[in-house]
Amino acid sequence: TTLFSSDCAECTDIAERAHTELKKLIPSYVHRAKRNEYLVTQRLAMQKLADELLKDVTPHAEKEPVALLENSASEAEYRDYITAQMLYAFSRHSPSQLRTLMSAMDEKAKQKILATYIGGRKTRRDRPGRALEFGYPLTFDIIMDYGSYRDIQRHRICTQERQRLSPYLGFWMPSEIIDAGFGEEVSRCRDASATLYEKLVHTLTEEAQYVTLFGHNIRFTMGMNDREAMHLLELRSTPQGHQTYRDLCKQMHLKIRERSPWRAEMMKFVDHNDYFWARAASEARQRGKERQLD
């Protein structure tokens with residue numbers, strides 16, 4: 001309940017009872033792990049404002065799953081960019097589309113977004129969200145399947161903001177599933193998930209995310225400095241990595257090369273090769289080392 005609010009009384013009751021029991025066993029770890037009224041109020045207010053401002057704005061259809069955003073700007077443009085980022089997590093729109101909307105928005109509306117995002121802070125511990133970390137030299141807008149995102153999500157020297165999970169951005173099904181004859185079965189699960197999501201999302205907006213599947217796509221931004229880009233792209237493009245995030249990292253590296261060849265050149269260990277049994281070969285080598293130890 002720290003980050004997300006809920007109108008579900010049963011959910012709140014479960015969280016409160018869990019907190020009570022955990023305090024008996026690990027009190028120092030859960031002392032502050034309880035409902036944060038500032039964040040709850042701020043997020044609800046931002047969602048309401050975003051819904052109001054964007055109700056007549058249809059999200060643009062995506063041309064590509066990876067976009068490298070332009071962050072250099074004048075002071076006025078910079079404020080538009082950061083205000084757009086404040087709306088991002090509460091919308092289904094791309095940063096580029098939101099920035100365009102900001103440039104045409106009147107001053108009063110922009111001020112309202114800023115004030116709502118900051119919210120009613122009462123102490124220094126009442127901190128707004130990660131939109132205020134905007135300004136990295138490299139910021140990507142990415143759409144990929146949720147299962148692969150969970151690997152990318154673990155990186156720390158960067159700022160990530162994600163939009164809510166939903167079935168609206170498409171579904172990724174590995175070709176191996178189809179080859180094995182399970183395509184129709186997975187498709188039925190996908191459709192059932194989407195149907196249930198629509199029944200829940202209007203009254204249980206946050207909870208509806210739980211009925212989506214790992215194959216459903218998620219949209220998120222990832223801002224980073226050059227050191228993190230080198231670490232992320234060289235690590236996640238290694239042969240034994242999963243093909244989906246290997247492909248993502250190769251695309252990110254190519255986007256960097258288009259804009260800043262000198263940056264891409266520094267990241268010389270990004271692996272653009274294709275492998276068929278890369279992970280299996282890595283596991284086979286490991287088993288061989290274990291047999292030698294035996």
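## Crossing of H4 and H6

A crossing of two helices is called left-handed if the near helix is turned anticlockwise from the far one by less than a right angle, and right-handed if the turn is clockwise. In this predicted model, H4 passes H6 in a left-handed crossing.

Helix H4 covers residues 75-88 and helix H6 covers residues 107-118. Their axes come within 10 Å and cross at roughly 55 degrees. Angles of 65 to 115 degrees count as roughly perpendicular and angles under 35 degrees as roughly parallel, so H4 is oblique to H6.

## Residues in the contact

On the H4 side, the contact is made by Arg 79, Asp 80, Thr 83, Met 86 and Leu 87. They meet Glu 107, Lys 110, Gln 111, Ile 113, Leu 114 and Tyr 117 in H6.

By residue class, the contact of H4 with H6 has five nonpolar, two polar and four charged residues.

## The protein as a whole

The protein has 294 residues, of which 39% count as buried. Its secondary structure consists of 13 helices and four strands. The C-alpha trace spans about 65 × 50 × 45 Å along its principal axes.

Among contacts between residues at least 6 apart in sequence, 77% join residues at least 24 apart.

Terms used:
Residues are numbered from 1 along each chain as its sequence is written. This is a predicted model: local features need pLDDT of at least 70, side-chain atom pairs count only at pLDDT 80 or more; totals for chains, interfaces and linings use all residues. Side-chain values use heavy atoms; hydrogens and water are left out. Axes are lines fitted to C-alpha atoms, for helices over the stretch in contact, and angles run from 0 to 180 degrees between N-to-C directions. Helices (H or I, at least four residues) and strands (E, at least two) are DSSP runs, numbered from the N terminus. Angles under 35 degrees count as roughly parallel, over 145 as roughly antiparallel, 65 to 115 as roughly perpendicular and the rest as oblique. Contact means heavy atoms within 4.5 Å. Ala, Val, Leu, Ile, Met, Phe, Trp, Tyr, Cys and Pro count as nonpolar, Asp, Glu, Lys and Arg as charged, and the others, Gly among them, as polar. Buried means under 20% relative accessible area, exposed over 50%, partly exposed in between (1.4 Å probe, protein chains only).
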